[in-house]
Amino acid sequence: MDLIIDLKKTPFYDIHLKLGAKMVDFAGFSMPVQYESIIKEHEAVRSKAGIFDVSHMGEFLLEGSDVIDFLQYIMINDLKLLEQSKGQYSCMCYENGTVVDDLVYYEEANDRFRMIVNAGNIEKDFQWLNEHIRGKDVKITNLSSKRSRLAFQGPKSDEYLQPLVDIDLSVINRFYFAHCKLGGMPIFIARTGYTGERGFEISFDNEYAVKIWSELIKAGASPAGLGARDSLRLEATYSLYGHEINDSITPVEAGLFWLVKPKEGVDYIGKNVLLKQKTEGTDRIIVGLNLKDRGIIRDGFKIIKNGNEIGYVTSGGYSPTLKKTIGLGLIKKQFKEEGTEIEIEVRNKLLKGVVVSTPFYRNV
Amino acid sequence: MVNIIEHEFPSELKYLQTHEWVRIQDNIATVGITDFAQHQLGDIVYVELPEIGMAFDKGSNVAEIESVKAVGELIMPLSGKILEVNTDLADNPESVNSSPYGSGWMVKIELSNKNEINELLSVEAYQEIVEAEKA
């Protein structure tokens with residue numbers, strides 16, 4: 001059975017194949033998990049710059065005079081903290097405070113916002129947003145399949161990118177964005193990222209995809225796949241939807257309590273539950289994990305204390321930077337203190353571990 | 001069109017269809033995983049080796065090989081007792097990727113039943129299995 005026939009392809013698909021990438025199904029797309037080595041790609045991003053095809057992610061345009069009011073109701077973060085040419089990270093939540101998706105929206109004008117959402121949630125998010133318009137002046141356009149997206153991340157990303165663009169990148173601060181030209185081609189560029197390094201995320205019409213990739217490779221970046229994307233974000237301790245946040249975990253439980261804003265006088269979905277969790281705390285919380293015994297922490301492993309199950313691993317893996325296994329787990333709050341000794345059930349063994357502080361690594 | 005990867009399979013070794021290789025010298029067998037297996041697994045980050053002196057039957061799991069994204073098992077190609085394990089893999093698990101037949105070896109076995117050697121695959125038979133898996 002040829003699985004590839006049933007999967008969607010990004011405009012970079014042929015490039016990935018030509019580079020010998022190992023392809024996997026991710027959110028219904030055939031995506032590169034690695035080109036040569038997850039560890040080498042991870043290290044290239046930490047030392048120079050890597051490019052990631054993230055065209056499988058969703059991109060929406062929200063337009064209309066009521067967009068800000070609409071987003072204030074849908075999002076837990078506060079758009080009063082936003083300004084034109086800036087982006088904001090937020091979750092949108094259900095009434096019970098659990099998460100529909102985490103995403104970033106960019107204020108292009110007070111009646112025009114660009115939103116980037118997770119690949120696995122494109123249809124769900126589009127529906128969720130449209131369901132809540134309810135007569136407001138808001139129009140949402142789904143640009144996901146019309147535009148391509150690349151993440152360009154690493155300490156040398158400014159140095160490599162500057163000669164290719166027609167604006168001064170040094171004036172774009174973290175979370176700010178611009179529209180400019182790369183090699184003469186129009187792009188949207190934001191100083192945001194998911195790796196814990198300085199870098200950019202860019203989006204552009206599909207017709208420019210192959211040329212832009214080629215320009216970035218010539219400038220010195222190396223291709224990096226989804227395997228490295230995951231090990232990088234885990235070191236930087238960024239949440240991954242479906243793991244640290246989902247429709248049964250709230251942002252406060254996930255440690256994203258700072259996203260939950262008071263927004264006085266403004267009602268938003270999940271406000272009561274989330275503000276209460278923020279002031280009173282939650283029964284469970286996400287913490288960092290290390291092993292004391294030898295082994296590798298992986299998603300789903302049970303966390304044990306004194307013979308009782310106290311939680312489970314939400315994300316686990318190997319950290320090339322720290323050269324050891326790291327993980328995040330959702331555990332009962334009484335065990336959340338740094339240094340608490342726990343055990344992790346690794347297949348048929350109980351390995352000794354410990355709660356550690358996070359992030360494991362940041363270099364933004 | 002998928003990029004065809006050329007794997008290396010030394011002709012003097014014997015193989016298992018579960019992608020182990022075996023080097024036999026008198027009554028001692030050295031075992032590791034093939035170039036195909038290391039490529040399938042990806043970057044190896046940890047290998048859990050058996051204790052010296054333990055006896056295993058042909059076909060049992062003797063080691064766990066963890067890569068960034070997956071866990072593989074080393075299957076005993078022949079029955080016997082563990083004589084030696086590659087302790088270098090504790091600090092250099094990546095040797096399994098860079099030198100699967102050399103510094104990436106995993107265990108040395110003292111054989112208990114040399115007749116089992118006849119059941120091992122030649123390099124040609126193993127290569128056919130790999131081709132079939134790649135198709």
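A residue is called buried if 20 or more other C-beta atoms lie within 10 Å of its own, exposed if 12 or fewer do, and partly exposed in between, with C-beta atoms placed from the backbone. The model is predicted, and local features need pLDDT of at least 70, side-chain atom pairs count only at pLDDT 80 or more, and totals for chains, interfaces and linings use all residues. Residues are numbered from 1 along each chain as its sequence is written, and chains are lettered from A and ligands numbered from 1 in the order in which they are written.

The predictor assigns the complex an ipTM of 0.89 and a pTM of 0.94.

Helices (H or I, at least four residues) and strands (E, at least two) are DSSP runs, numbered from the N terminus. In helix H3 (residues 67-74) of chain A, the buried residues are A:Val67, A:Phe70, A:Leu71 and A:Ile74. Viewed down the axis of H3(A), these buried residues fall within an arc of 95° and so line one face of the helix; the arc is that of the directions from the helix axis to the C-beta atoms. Their cover includes strands S4 (58-63), S5 (87-93), S6 (99-109) and S7 (112-117) and helix H4 (122-131) of chain A, where contact requires the C-beta atoms of two residues, placed from the backbone, to lie within 7 Å.

An open sheet of five strands in chain A has the order S5-S6-S7-S4-S8, with antiparallel pairing; two strands pair if DSSP finds at least two bridges between them. S5 and strand S8 (139-142) of chain A are the edge strands, each pairing on one side only. S4(A) and S8(A) are joined in the antiparallel sense over four bridges, and A:Leu62 has A:Ile140 in S8(A) as its bridge partner.

A:Asp247 is located in the loop between helix H7 (226-235) and helix H8 (271-280) of chain A. A:Asp247 is partly exposed, with 14 other C-beta atoms within 10 Å. When residues up to four places away in sequence are not counted, A:Asp247 touches A:Tyr94, A:Thr98 and A:Val99. A:Asp247 and A:Gly97 are 150 residues apart in sequence, but 8.6 Å apart in space, C-alpha to C-alpha.

The contact between the chains takes 15 residues from chain A and 11 residues from chain B. On the chain B side, six are nonpolar, two polar and three charged.  Here Ala, Val, Leu, Ile, Met, Phe, Trp, Tyr, Cys and Pro count as nonpolar, Asp, Glu, Lys and Arg as charged, and the others, Gly among them, as polar.
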